Amino acid sequence: MSKHIIQMDFDIYGHPDLSMDELLEFVRIEAKRIKHILGPRAGAAVIKRSINGFHLEFPFTAISEEERDWILEGSIVDSGYKWWIRERNLSTLRITPKTIIKEIGGEPVGVKRIEDTPKVIEVVE
Amino acid sequence: MSLSYEELENLTYEELLEEIKREESEQEDRRSLLTSILLRREEILKSIQDERLKKPEERAKARREKLEQLRRTLVEWNRQIARTNESLKRLERRVEELENLLAYHEARLLTWFISTFERAYTRDRIRAIRRSISAYRGHITRRSRLLEHLRHSRATTIAEIASHTRWLRREDTLLERIKTLESLLDYWIGRARSITEEIESEAKRLEFKYSLILLRRVSVALYLIIEGGEHYYPRDGGYYTYYNPAKGKLRHVRQKVKYPKGRFQAIVECDAFADPRTGQIKTDTDPFLTLEPIIRQDVAEELSEEFNMSIPPETLTLGVASPIPREEELGKPPFKVSISRTDEETGKEWKFRVETYLMSDEEYEALTRGMKAYRERLRRPRYV
């Protein structure tokens with residue numbers, strides 16, 4: 001049984017009523033909630049700022065898939081994100097700028113490059 | 001004596017974290033000492049003002065209050081001294097234990113009856129113990145310095161209490177009183193300056209330790225999001241040819257097939273240095289710096305072959321994936337786990353487990369031969 005680290009993506013599109021500061025508070029609350037659940041197993045929580053939201057990561061955690069699903073169940077992260085993680089049994093968070101391509105006839109006709117690298121803004125010990 | 005650069009470089013992740021934690025707690029103690037000293041300085045400035053302006057009765061009342069406050073401060077100094085003494089004793093006990101252990105292992109090396117394997121193991125153990133002793137002695141030196149600051153501060157506070165108590169019975173002249181208080185003020189200012197300098201130099205040391213990064217086996221995801229598009233068939237750029245009986249001639253056509261929004265993704269495991277505090281991969285440090293273009297090239301080729309489309313390697317987005325690779329894989333070549341194609345509308349995923357190393361062990365060894373820090377870290381020395 002493989003173990004996983006915890007990764008979460010909070011986009012402002014998923015919480016349109018919130019400002020960025022309020023969303024950051026949400027992310028902090030989520031970090032504390034997970035730390036409370038996992039105790040010393042959680043390790044440090046890293047909050048990163050991306051172009052339209054925040055990434056929350058527990059890089060020193062090793063939890064099973066069941067535990068991950070259980071944590072996601074009560075999480076305030078986007079429902080779509082939850083669904084994708086369960087569906088693929090995998091989560092990813094980018095660390096480089098993002099490229100989106102539109103192709104026609106095998107040739108890329110539109111390349112959208114989002115020049116944003118997520119930066120660590122807070123470490124919740 | 002503290003850990004040398006080479007010794008610090010050779011620490012494993014847990015050891016480095018332990019070292020950083022200990023340094024942080026020492027730095028915290030220094031900061032709290034500085035705060036107390038700055039507070040004392042402010043209080044003496046206020047005392048000087050009181051001595052100049054207040055009437056004798058008011059002065060006496062203010063002195064009694066001040067004495068109460070100073071006694072409380074004294075209790076606080078005593079508490080901090082006791083705590084520092086305790087931690088010093090703990091460190092000294094640990095050093096004694098380790099020295100005994102070192103003597104035992106060194107004596108073992110002198111005997112003839114241990115095997116070659118045991119001999120090699122004992123040598124590793126001796127190296128680790130010596131490193132630990134160096135680390136603990138470094139902490140003892142720094143703790144002792146802190147203890148000295150605390151003892152001086154306590155002595156000065158006692159002197160201040162003595163002055164105020166004496167002035168309750170019989171006051172010196174204003175000039176003498178101000179002179180005494182100003183000398184105390186000078187003392188606290190000097191002490192604050194020296195502690196600030198110490199905090200700054202220790203912060204640099206801590207910064208250096210933070211910069212020492214840990215080696216991990218990480219799962220990385222390389223993906224490309226396709227917003228939408230279409231393919232012409234046949235793919236080779238030609239046409240399908242068929243005879244239309246109604247028109248009585250040959251038709252040349254190409255078929256256009258749309259494909260949905262989704263992403264092409266590959267999961268690869270590889271070695272990388274990471275920040276010990278935040279766990280983030282250091283993309284600008286070897287081995288990841290060298291491995292990244294190789295992985296990108298391989299993944300782009302694989303995706304291009306599987307899905308019959310051209311993907312430039314530099315367009316792939318790099319991310320960290322959640323599965324934790326096995327620790328035993330550390331030091332092995334990059335391992336391609338899977339490639340997949342996801343359709344975002346239907347949620348369907350086409351996944352193919354590749355499970356192959358991108359290169360042989362010999363090739364990887366040749367590639368990483370020049371990476372000194374990486375090769376040394378792979379030895380993973382033990383820490384006591």
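The model is predicted.

Start with chain A. This chain holds three helices and seven strands. Follow the sequence, and these elements come in the order β-α-β-β-α-α-β-β-β-β. The chain has 125 residues, and 30% of them are buried. Its contacts can also be sorted by separation along the sequence. Take the contacts between residues at least 6 apart: 60% of these join residues at least 24 apart.

Now turn to chain B. Two of its helices deserve a look together: helix 3, residues 56–110, and helix 4, residues 116–169. Two packed helices are described by the angle between their axes and the distance between the axes. Here the axes come within 7 Å, and they cross at roughly 160°. Angles over 145 degrees count as roughly antiparallel, so helix 3 of chain B is roughly antiparallel to helix 4 of chain B. The crossing of these two helices of chain B is left-handed. Which classes of residue make up the contact of helix 3 of chain B with helix 4 of chain B? There are 25 nonpolar, 15 polar and 16 charged residues.

Finally, pick out one residue. B:Arg94 lies in helix 3 of chain B. Is B:Arg94 buried or partly exposed? It has 17 C-beta neighbours inside 10 Å, so B:Arg94 counts as partly exposed. A buried residue would need 20 or more. B:Ile133 is 39 residues away from B:Arg94 along the chain.

Key:
Residues are numbered from 1 along each chain as its sequence is written. Chains are lettered from A and ligands numbered from 1 in the order in which they are written. This is a predicted model: local features need pLDDT of at least 70, side-chain atom pairs count only at pLDDT 80 or more; totals for chains, interfaces and linings use all residues. Helices (H or I, at least four residues) and strands (E, at least two) are DSSP runs, numbered from the N terminus. A residue is buried if 20 or more other C-beta atoms lie within 10 Å of its own, exposed if 12 or fewer, and partly exposed in between; C-beta atoms are placed from the backbone. Two residues are in contact if their C-beta atoms, placed from the backbone, lie within 7 Å. Axes are lines fitted to C-alpha atoms, for helices over the stretch in contact, and angles run from 0 to 180 degrees between N-to-C directions. Angles under 35 degrees count as roughly parallel, over 145 as roughly antiparallel, 65 to 115 as roughly perpendicular and the rest as oblique. A crossing is left-handed if the near helix is turned anticlockwise from the far one by less than a right angle, and right-handed if clockwise. Ala, Val, Leu, Ile, Met, Phe, Trp, Tyr, Cys and Pro count as nonpolar, Asp, Glu, Lys and Arg as charged, and the others, Gly among them, as polar.
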